[in-house]
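Hi,

Here is the model I promised to pass on.

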Amino acid sequence: MRKILIIGIGAGDPDYMTVQAIKALNRVDVVFIPDKGEEKAGLRQLRTEICERFIEQPGYRTVDLAVPQRAAAGSDYRGSVDDWHAKLAEAYEALFAAELAEGECGGLLVWGDPSLYDSTIRIIKRIRARGFALDYEVIPGISSVQALAAKHRVTLNRIGEPVLVTTGRRLVEGAPNGLDSVVMLDGDQAFAKIPPDDLDIFWGAYLGTSDEILMAGKLAEVRDEIARARAQARAEKGWIMDTYLLRKSEPGI
Ligand SMILES: C[S@@+](CC[C@H](N)C(=O)[O-])C[C@H]1O[C@@H](n2cnc3c(N)ncnc32)[C@H](O)[C@@H]1O
């Protein structure tokens, strides 16, 4: 049977690669490299660097995986994601059939950790549900959330308290019970649109890379500065990836 290793490669710094991820990379015959177009070319480059640095056996092949564009969500967000996943499953299946021989092993390098805001696991399950015989394993990676906490030298949760991991879109709708939140996938600076009272923010962009930016403080005091830094970095690079922790202010943080 063909096998796919879904390998978490960490969110930005090649040194985030775990020993388990390196071992997994060295088991693969084919590395599938997703190609999301110009704006994510930097991320593609990092995947290539990881392969060159960590794969010791020279015989592996790399195959580009053209990622179809997702249609604008409109009012039906779940429906549009579902359609997109169906297209991805079809494209992945065709590529696995063409590029992986029976008994061979393919690697999908997933940014950060595969369990967090990433659809690779769902897509592989979908391919199997369509009847394509495929085994798979998941290797965890250092997510941007862990990188953010480490860089700011903070814990995500306060003692005995929960923390919500959510998206920018959800944050503007309001965090349930005012929970402390880690916010990802915020294309729209949601932190600048919520009531800032009594909240601290720990913000990080391009974490783990040479372009990393870290800012923290009382939301009311730093949000404009973060918004400016974010807009400028985005304009200069053409894309941005940022994550932040929002939590109720407490003395001595
Ligand atoms: C599609 S999700 C993938 C998350 C990934 N699986 C992880 O474990 O971090 C992409 C979002 O993750 C966050 N992100 C990923 N890498 C990042 C980085 N190096 N610096 C800051 N945020 C990052 C951003 O919020 C971005 O919008």
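A quick definition before anything else: I call a residue buried when its relative accessible area is under 20%, exposed when it is over 50%, and partly exposed in between, using a 1.4 Å probe and protein chains only. Helices (H or I, at least four residues) and strands (E, at least two) are DSSP runs, numbered from the N terminus.

Keep in mind that this is a predicted model, so I had local features need pLDDT of at least 70 and counted side-chain atom pairs only at pLDDT 80 or more, while totals for chains, interfaces and linings use all residues. Numbering starts from 1 along each chain as its sequence is written, and side-chain values use heavy atoms, with hydrogens and water left out.

Now the overall picture. The protein has 7 helices and 10 strands. Its radius of gyration (over C-alpha atoms) is 19 Å, close to the 18 Å that the globule rule (2.2 Å times the number of residues to the power 0.38) gives for 253 residues, so the protein is as compact as a globular protein of that length. Along the principal axes, the C-alpha atoms fill a box of roughly 60 × 40 × 40 Å. Of the 253 residues, 45% count as buried. Taking contacts (heavy atoms within 4.5 Å) with a separation of 6 or more, 72% are between residues 24 or more positions apart. The accessible surface (Shrake-Rupley, 1.4 Å probe) comes to about 13000 Å², and carbon and sulfur atoms account for 49% of that.

Buried or exposed? Strand β10 is mostly covered, with 6 of its 7 residues buried. Two strands pair, by my count, if DSSP finds at least two bridges between them. Strand β8 (residues 199-205) runs antiparallel to β10, and 7 bridges join them; here Ala-205 stands opposite Asp-242 in β10. Strand β7 (residues 181-184) also pairs with β10 in the antiparallel sense, over 3 bridges, with Ser-181 opposite Leu-246 in β10.

Cys-51 is in no disulfide, and the nearest cysteine sulfur, that of Cys-105, is 13 Å away. Seen from Cys-105, the closest cysteine sulfur is in Cys-51, and 13 Å is too far for a bond. Cys-51 counts as buried because its relative accessibility is 2%, and Cys-105 counts as buried at 9%.

Cheers

Conventions: A disulfide is a pair of cysteine sulfur atoms within 2.5 Å.
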